[in-house]
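Please read the following numbered points with the sequence and the model side by side. They are meant for a colleague who has not looked at this structure before.

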Amino acid sequence: MRDPVANSELIDLYTHACWIDIQALKPGNTSIYSDTSSPGVGDFLESAKASAPPLVRPDLTLGNRILQAVQATHKAVGTNTNLGIILLIAPLIHAWLARTDTTLEVKLGEVLAHSSVQDTKYVFQAIRAARPGGLGRADEQDVYEEPTVSLLNAMELSSSKDLIAHQYSSNFHDIFHFGMPYYRSLLARWDDECWAASGVYLAFLARYPDSLVARKYGMLKAREISDMITPLEKEFCRSDSPVRFKSRLLEIDSCLKRDRINPGTTADLTVASIFAEGLGML
């Protein structure tokens with residue numbers, strides 16, 4: 001069990017990663033650059049503050065950690081602002097709290113491998129409470145039915161159509177081996193957390209069609225968005241001055257929001273990458 005000081009550091013790291021997320025210009029996603037949507041910036045920051053204490057509690061199971069964080073968010077803002085973030089951050093925290101002489105990546109694999117059916121029940125309850133956009137029905141282990149498999153097995157069944165579930169099935173490979181090093185390299189180049197977050201967001205979106213967009217509008221539309229972002233992402237991330245791209249990013253942001261297209265899963269992956277990178281500093 002970690003001491004209260006360590007848990008306080010986790011809360012600070014988590015809320016700071018969520019703050020960076022809101023400060024970063026991420027086309028289509030909520031940020032300080034175009035706070036016209038509901039929920040807005042204040043709701044997301046309040047959600048981070050509310051969900052932090054249950055996320056870092058050392059005495060919770062993985063599934064209950066997720067459920068209590070979602071419930072705390074709903075109590076604070078009354079809507080789903082951070083289900084994807086919680087689903088990604090909770091296993092990282094759970095592994096960090098339990099790690100001894102192994103790496104975070106190795107410990108995470110152990111945590112996921114030992115997840116239980118009860119964990120799945122808690123997570124299904126959390127998903128039902130959050131009511132994420134585009135949630136349909138599944139042929140196997142539907143969230144509206146009683147689960148019979150472990151959380152890892154349930155996520156494996158959804159991994160082909162959901163990027164967050166894919167992180168579980170791949171032991172967060174995209175976070176550890178793409179998001180984290182990409183964020184680290186951009187931060188070293190620009191010395192700006194928020195622009196580095198923008199770069200990671202664009203890089204994820206260019207390479208992985210957003211699964212929230214795919215659920216709402218179809219995979220063809222999700223791939224269309226990725227194809228549109230790809231050339232800009234290459235220019236942006238190779239540049240020595242990311243601020244030069246602000247007007248172009250704002251134009252895309254306006255177009256996506258006009259069409260109600262929000263690559264929310266991409267934003268969740270970005271927050272998780274920033275948080276995981278920060279864990280290495282604790």
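1. The second largest pocket has a lining made up of L13, H16, A17, I20, Y183, R184, L187, E193, I274, E277, G278 and M281. A pocket here is an open set of points on a 1 Å grid over the protein atoms alone, where a 1.4 Å probe fits, with protein on both sides within 12 Å along at least five of seven lines, and lining residues have an atom within 4 Å of a point. The space in this second largest pocket comes to about 180 Å³, a volume being the space filled by probe spheres set on the points, which are joined across faces, edges and corners.

2. Some cautions on the source belong here: this is a predicted model, in which local features need pLDDT of at least 70 and side-chain atom pairs count only at pLDDT 80 or more, whereas totals for chains, interfaces and linings use all residues. Residues are numbered from 1 along each chain as its sequence is written, and side-chain values use heavy atoms, with hydrogens and water left out.

3. I274, one of the lining residues, sits in helix α14 and counts as buried because its relative accessibility is 6%; buried means under 20% relative accessible area, exposed over 50%, and partly exposed in between, with a 1.4 Å probe and protein chains only. Leaving aside neighbours within four places in sequence, I274 is in contact with A17, I20, Y183 and A197, contact meaning heavy atoms within 4.5 Å. Between I274 and G179 there are 7.8 Å in space, C-alpha to C-alpha, although they are 95 residues apart in sequence.

4. T266 also has its place in helix α14, and at 1% relative accessibility T266 is counted as buried. Not counting residues up to four places away in sequence, T266 touches Y201, F204, L205 and D210.

5. Is S31 buried or exposed? S31 lies in the loop between α1 and α2 (41-56), and S31 counts as buried because its relative accessibility is 0%. Beyond residues up to four places away in sequence, S31 touches I22, A24, L25, K26 and V41.

6. Helix α4 (residues 83-98) packs with helix α5 (residues 104-113) at an angle of about 110°, and their axes are 8 Å apart. Axes are lines fitted to C-alpha atoms, for helices over the stretch in contact, and angles run from 0 to 180 degrees between N-to-C directions. The two helices, α4 and α5, are therefore roughly perpendicular to each other, on a scale where angles under 35 degrees count as roughly parallel, over 145 as roughly antiparallel, 65 to 115 as roughly perpendicular and the rest as oblique. On the α4 side the contact is made by P91, L92, H94, A95, W96 and A98, and on the α5 side by L104, K107, L108, V111 and L112; by class these are nine nonpolar, one polar and one charged residues.

7. Most residues other than glycine have a negative phi. N171, in the loop between α8 (163-169) and α9, has a positive phi near 55°, and R260, in the loop between α13 (246-258) and α14, has a positive phi near 60°. R260 is exposed, with a relative accessible area of 68%.

8. D240 is placed in the loop between α12 (219-238) and α13, and D240 is exposed, with a relative accessible area of 68%. Apart from residues up to four places away in sequence, D240 touches R189 and W190; D240 and W190 are 50 residues apart in sequence and 7.1 Å apart in space, C-alpha to C-alpha.

Conventions. Helices (H or I, at least four residues) and strands (E, at least two) are DSSP runs, numbered from the N terminus. Ala, Val, Leu, Ile, Met, Phe, Trp, Tyr, Cys and Pro count as nonpolar, Asp, Glu, Lys and Arg as charged, and the others, Gly among them, as polar.
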